[in-house]
Amino acid sequence: MRVDYKFRNLCGTVYKQGNLLFTPDGNAVVSPVGNRVSVYHLTTNQSYTMGFENRKDIKCMALNPQATLLVTVDVDGRALLVNFVKQTVLHHHNFKTQVLDIKFSPDGKYLAVTDENHVHVWKAPGFTLEFSPFELYKKFPGHYDLVTHIEWSPDSRYFVTSSKDMTCRIYSLEQDENDKAACLTGHKDTVLGCWFSKDMNTLFSVSKDGSLFQWSFDEIQEIEPSAKRRKTMGDKVYVPKIGSVARHYFLQQSKVCSASFHQQTGMLSVGFENGVFGIWELPDFVNIHTLSISQNKIDSVAINKTGEWLCFGSSKLGQLLVWEWQSESYVLKQQGHQHDMSCLAYSNDSQFIATGGGDGKVKLWNTQSGFCFVTFTEHTGPITSLEFTKKKQVVFSSSLDGTVRAFDLIRYRNFRTFTSPTPQQFTCLAVDQSGEIVVAATQDTFEIYMWSVQTGQLLDIIAGHEAPISCLAFSPLTGQLASGSWDKTVRFWDVYSRDKSAESLQHQSEILAMAFSPDGKNLCSTTMNGMINFWNLETAEMIAEIEAKRDITKGRKQSDLTASEHAADKYFNSICFTADGAGVICGGNFRYVCIYDVESRVLLKRFQITKNQSLDGMNELLNSKDMTEAGPRALIDETGELSDLEDRIDRSLPGVQKGDPSLRRTRPEARTTCVRFAPSGRQWASSTTEGLLIYTLDNTIHFDPFDLELDITPLTIKHTLNQKDYLKALVMSFRLGEKHLIEQVYHGIPVSDVSLVMSQLPSKYLDRMIRFLSGVIENNPRIQFHLHYCTSLFKYHAIHLKQHRLEFQSCLVHLRRAMNKTWQDISQV
């Protein structure tokens with residue numbers, strides 16, 4: 001069996017903290033999700049998460065104007081230089097202090113980075129191989145407190161900084177490090193941002209207390225410059241001249257959290273603590289739009305290139321919104337689970353994944369696009385288990401609120417609610433092969449309830465276990481119901497007969513999870529003593545067992561004072577067979593997911609779900625320097641030493657030691673709650689602390705050797721076509737994108753060579769080829785020639801098109817429509 005699965009996407013978490021970015025073309029949003037980066041394409045409705053990881057959660061990031069280099073900086077100041085196109089890390093750099101903002105200059109030559117109350121300007125790194133791509137250009141001091149924001153002028157000669165000392169300062173790249181910068185004063189709170197206007201004659205600054213100041217900006221010639229300045233800047237030395245023009249106030253009765261300014265349109269977007277955002281036109285300060293989009297503060301605001309789309313991020317609820325203010329509609333609206341994911345389930349065709357969380361919500365995700373397309377909020381308690389029916393039209397969920405619900409995936413509604421005669425908390429559920437019977441187990445009474453899906457009536461209550469039931473499953477071969485319990489037994493029930501006697505498989509420890517093999521002949525179970533047991537159901541004998549404790553490497557928490565404290569909990573709480581039944585995949589309360597071979601009982605591969613040091617339980621060894629007299633440094637509450645008043649306020653109840661658990665004074669632990677293999681066998685997913693991780697065999701990054709060509713011109717394309725290198729000519733025409741050249745190459749390929757060219761066409765260009773065929777069939781009379789292209793294309797690429805049918809759905813619809821139209825025209829002749 002193949003185990004070369006690669007990380008593909010991170011769903012369930014769309015935004016955590018940091019700044020949001022639009023790509024220079026304005027069609028994609030770049031969002032930090034923990035220590036990873038996700039990209040959401042708004043026009044194609046696709047998303048992906050880059051494969052690299054920062055050491056800790058990302059604090060800020062910057063994308064150069066050419067959209068080729070991305071710099072991400074974590075909360076400790078460690079940065080990664082990434083090739084944005086190839087998604088590969090080029091260099092690691094440590095700024096050695098917390099970075100609050102980082103910006104590329106508009107010409108892409110410089111990179112400005114905050115360093116406490118200083119600003120360091122670095123020469124922008126390139127693609128050349130060098131030992132240290134980051135070269136420091138100048139240091140700019142002047143502020144008396146932390147610098148919070150940096151903004152460049154349109155000509156890249158000046159940049160303006162905002163600080164917690166309630167001032168803004170304007171620096172010139174040509175000035176000396178000892179020269180004083182022009183200072184803008186008058187604000188009464190932290191300045192969140194300051195921006196240049198398009199003509200560079202005006203400056204706008206916004207502070208936390210909701211005030212906006214307008215300043216005039218001009219350059220005057222210095223009368224008596226120093227000899228050093230004349231040497232570096234020439235005979236004419238210019239210095240900025242600043243003047244106060246106007247003062248405006250938002251009057252929203254809430255503090256400003258984030259702001260962004262669009263130079264081309266003069267539009268200012270501001271986000272407030274109460275979840276309200278507003279749009280103002282400057283310099284007239286006209287309120288264009290105000291809307292409440294969240295119940296919590298808006299942490300980040302971004303505006304795309306055209307100024308039509310606004311992107312908002314709220315870290316409290318993990319919300320990411322893209323709003324088109326002209327039509328007053330959402331372009332993108334995504335939100336992850338507010339608490340950890342607890343369970344997941346694959347649909348029968350592997351297209352959808354259902355996830356349940358501690359917030360009582362059931363979300364459905366598209367595995368191809370990575371977006372959540374429906375959320376069910378009927379449950380009032382944490383979700384414990386999820387199951388799809390074989391026909392993919394219904395998903396069942398069990399919850400601690402005492403209900404089992406059935407959701408219709410055609411009309412997107414809750415059409416059945418199953419309850420018990422007395423209030424119970426359901427811990428797991430199972431659905432039979434026909435989808436007519438649903439069963440759920442309780443936590444306290446150790447009983448199994450069985451309902452009819454059509455009528456919603458309770459059919460039977462099955463009792464026999466002596467401890468809480470941890471897992472349920474129907475046999476795909478015999479239809480028997482298997483239940484695993486903490487009483488160290490797996491019992492088999494024939495729910496279709498009146499005989500309630502049950503056969504049992506005795507284990508040596510409490511059972512946590514189990515799974516049937518795809519053929520239904522074997523059963524696999526995990527127990528609390530760290531063992532994986534395999535049973536032959538025909539003979540009811542144990543055929544193999546794996547001692548998994550030696551394969552589980554559990555990291556030490558910050559509260560573990562000795563190494564023996566983290567040795568417990570070495571077991572798997574979720575298990576699933578692979579699609580071919582040759583292996584099992586397991587996950588538990590640690591940072592690894594393991595795949596074992598059933599026949600040889602050998603660990604094939606171990607996947608690390610995250611490398612985020614912001615989570616607890618990531619290190620096998622703790623640093624003794626972090627241990628103080630008061631205990632571990634990470635567990636000491638230092639909120640009383642923060643500089644801002646709102647951060648120092650203790651909102652916990654008097655006498656309560658823990659206070660509000662949502663404040664997250666203790667770090668979340670890296671763990672896996674559920675793992676599932678896709679029925680197609682080409683991908684698997686795990687619900688973790690970081691979100692829903694999807695690993696696949698399909699490599700999403702296609703290597704295209706034609707990307708390396710620099711001389712793709714109409715002349716070279718025609719020359720290649722004349723040399724009878726038809727495949728290269730066709731791909732080069734697709735790369736150039738000129739329609740008449742594509743048609744010339746298309747018609748220049750002989751009929752005898754069409755089949756060979758289509759068989760070797762890279763899969764990256766299938767979408768363009770199908771779209772081109774859709775247009776040429778309608779407008780060109782060479783029908784037999786076009787059909788020969790279509791048959792050859794589907795003959796050699798049918799498997800790839802079927803596996804990625806959601807990606808090619810729109811272009812295939814256009815092709816079908818064009819062929820139907822041509823058929824109708826011919827039939828009328």
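This is a predicted model: local features need pLDDT of at least 70, side-chain atom pairs count only at pLDDT 80 or more; totals for chains, interfaces and linings use all residues.

Select D76 and K56, which form a salt bridge whose closest N and O atoms are 3.0 Å apart. The two residues are 20 residues apart and link distant parts of the chain: D76 sits in the loop between β7 (69–74) and β8 (78–83), and K56 in the loop between β5 (46–49) and β6 (58–63). D76 is partly exposed, at a relative accessible area of 32%.

Next, select D189 and K255, whose side chains meet in a salt bridge of 3.5 Å, N to O. D189 belongs to the loop between β17 (182–184) and β18 (191–196) and K255 to the loop between β21 (238–249) and β22 (256–262), so the pair ties together parts that are 66 residues apart in sequence. D189 is buried, with a relative accessible area of 17%, whereas K255 is partly exposed at 33%.

Move to D767 and R771, another salt bridge, with the closest N and O atoms 3.1 Å apart. Both lie in helix α7 (residues 766–779), and because they are 4 residues apart, about one helical turn separates them. D767 is partly exposed at 24% relative accessibility, and R771 is partly exposed at 38%. In total, the count is 13 salt bridges.

Finally, select T148 in strand β14 (residues 147–152). T148 counts as buried, at 18% relative accessibility. A polar atom of the T148 side chain lies 2.9 Å from the backbone oxygen of V191. Beyond its neighbours within four places in sequence, T148 is in contact with residues including L100, D101, S163 and L192.

How values were computed
Residues are numbered from 1 along each chain as its sequence is written. Side-chain values use heavy atoms; hydrogens and water are left out. Buried means under 20% relative accessible area, exposed over 50%, partly exposed in between (1.4 Å probe, protein chains only). A polar contact is a pair of N or O atoms within 3.5 Å; within protein, one must be able to donate a hydrogen and the other to accept it, and residues adjacent in sequence count only if both atoms are side-chain atoms. Contact means heavy atoms within 4.5 Å. A salt bridge is a side-chain nitrogen of Lys or Arg within 4 Å of a carboxyl oxygen of Asp or Glu.
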